[in-house]
Amino acid sequence: MTPRRKIVPVFVPHLGCPNDCVFCNQRTISGSLRPAGAEDVVRALEEARGKTASAELAFYGGSFTNLPEETQRALLAAAQPFRASGFVTSLRVSTRPDAVTAQKLRLLRAYGVETVELGAQSMDDRVLRLSGRGHTAADTVAAAGLVKAAGMQLVLQMMTGLPGADRETDLRSAEAVAALEPTGVRIYPTVILRGTPLERLWRAGKYRAHTVSDAVGTCAPIAGLFLRAGIPILRLGLNPTEALSGGKAVGGAYHPALGELVYARLYLELARRKLRSMPKLPPRIELLVAENRVSQMTGRKRGNLLALRWEFGLEEISVSGGPFPPETVEIREIL
Ligand code: SF4
């Protein structure tokens, strides 16, 4: 079997970051971090070469375009022999919206970067201010325009449950993000990390944690919105790690299977809406969804089916997959 292409991540901690995002723990952990260098890029790609036929190199973690230009050049240059050999097929970087200029994008393009991920986080200026982001929604709109004008792919990251946010502001942020027509989005419900300003606000009673239940309730309609807009959700929730599970996440929306919980809620709501819209409900029904959505429609421990059966007084309910659009639930009577 041919090995699949994979993403090779290189974490670029931005040790000198002048910003004060309340949720960020880079300052606290900076003693245990060191700047990423060309040798890290080479090592990561050498390791990946034995395991996969081709790879996309991704610089994550900091604000890549805020790094000194010589550091950016050194990191990108280290990948060029792997690009020339055909192993690295594309490169991506993540950065802040206010760290994007046409000139900075030209540098990235010159080294073959095709995708720029922008940490929009929210499109509400009050939420951005209360979260110490140091940029505005207008910065994100402008940066998104520059990325597209440079002919690059645009991925937008947003967070839910930040200080000052509620379900309404988060939904409006998602609409504003979708209006920028990114090629993909990542959604990160706020997690309270140990040692962050957010932890202090939370412990002082000045911030209410965005619980897993809050995140599921907020992100389900947001996921539906992106599905309807045809915008792929590349990630929902922080990647589970031993450190997060082992105590680094002290509160907030950390759950190793958060994405599954959100999608299960989304499909439960879609099915509810569909069933409520039917003038006459047959007693035995089959829910029809896209092939890869069957488990999400079913829910954990068949929770969605049990809930629907009880709510709608059904005698029988089951799920089947088929060639259906991802954002729809169809109903078929079981005869
Ligand atoms: S999240 Fe904010 S504070 Fe942390 S590195 Fe990024 S810009 Fe700096």
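Modeller: The radius of gyration is taken over C-alpha atoms, and the globule rule is 2.2 Å times the number of residues to the power 0.38. Keep in mind that this is a predicted model.

Colleague: What radius of gyration does the protein chain have, and what would a compact globule have?

Modeller: With 335 residues, a compact globule would come out near 20 Å; the protein chain has 22 Å, so the two agree. The C-alpha atoms fill a box of roughly 70 × 55 × 40 Å along the principal axes. Of the 335 residues, 40% count as buried.

Colleague: How many helices and strands are there in the protein chain?

Modeller: The protein chain has 13 helices and 12 strands. The domain assignment gives domain 1 (6–256) and domain 2 (277–333). Their C-alpha centres lie 35 Å apart.

Colleague: How do I read a sheet? Which strands form the open one, and in what order?

Modeller: Strands of a sheet pair through backbone hydrogen bonds, either parallel or antiparallel. Here 3 strands form an open sheet, ordered 11-10-12, with mixed pairing. Strand 11 (316–322) and strand 12 (330–333) are the edges, each pairing on one side only. Neighbouring strands are turned by 30° against each other on average, direction ignored.

Colleague: In what sense do strand 10 and strand 11 pair?

Modeller: Strand 10 (residues 284–290) pairs with strand 11 in the parallel sense, over 7 bridges. One example: R284 has E316 in strand 11 as its bridge partner.

Colleague: Which residues are around the ligand?

Modeller: They are H14, C17, N19, C21, C24, Q26, G62, S63 and R96. This shell divides into 3 nonpolar, 5 polar and 1 charged.

Terms used. Residues are numbered from 1 along each chain as its sequence is written. This is a predicted model: local features need pLDDT of at least 70, side-chain atom pairs count only at pLDDT 80 or more; totals for chains, interfaces and linings use all residues. Two strands pair if DSSP finds at least two bridges between them. Helices (H or I, at least four residues) and strands (E, at least two) are DSSP runs, numbered from the N terminus. Axes are lines fitted to C-alpha atoms, for helices over the stretch in contact, and angles run from 0 to 180 degrees between N-to-C directions. A residue is near a molecule or strand if its C-beta atom, placed from the backbone, lies within 6 Å of it. Ala, Val, Leu, Ile, Met, Phe, Trp, Tyr, Cys and Pro count as nonpolar, Asp, Glu, Lys and Arg as charged, and the others, Gly among them, as polar. Domain bounds come from an automatic or database domain assignment. A residue is buried if 20 or more other C-beta atoms lie within 10 Å of its own, exposed if 12 or fewer, and partly exposed in between; C-beta atoms are placed from the backbone.
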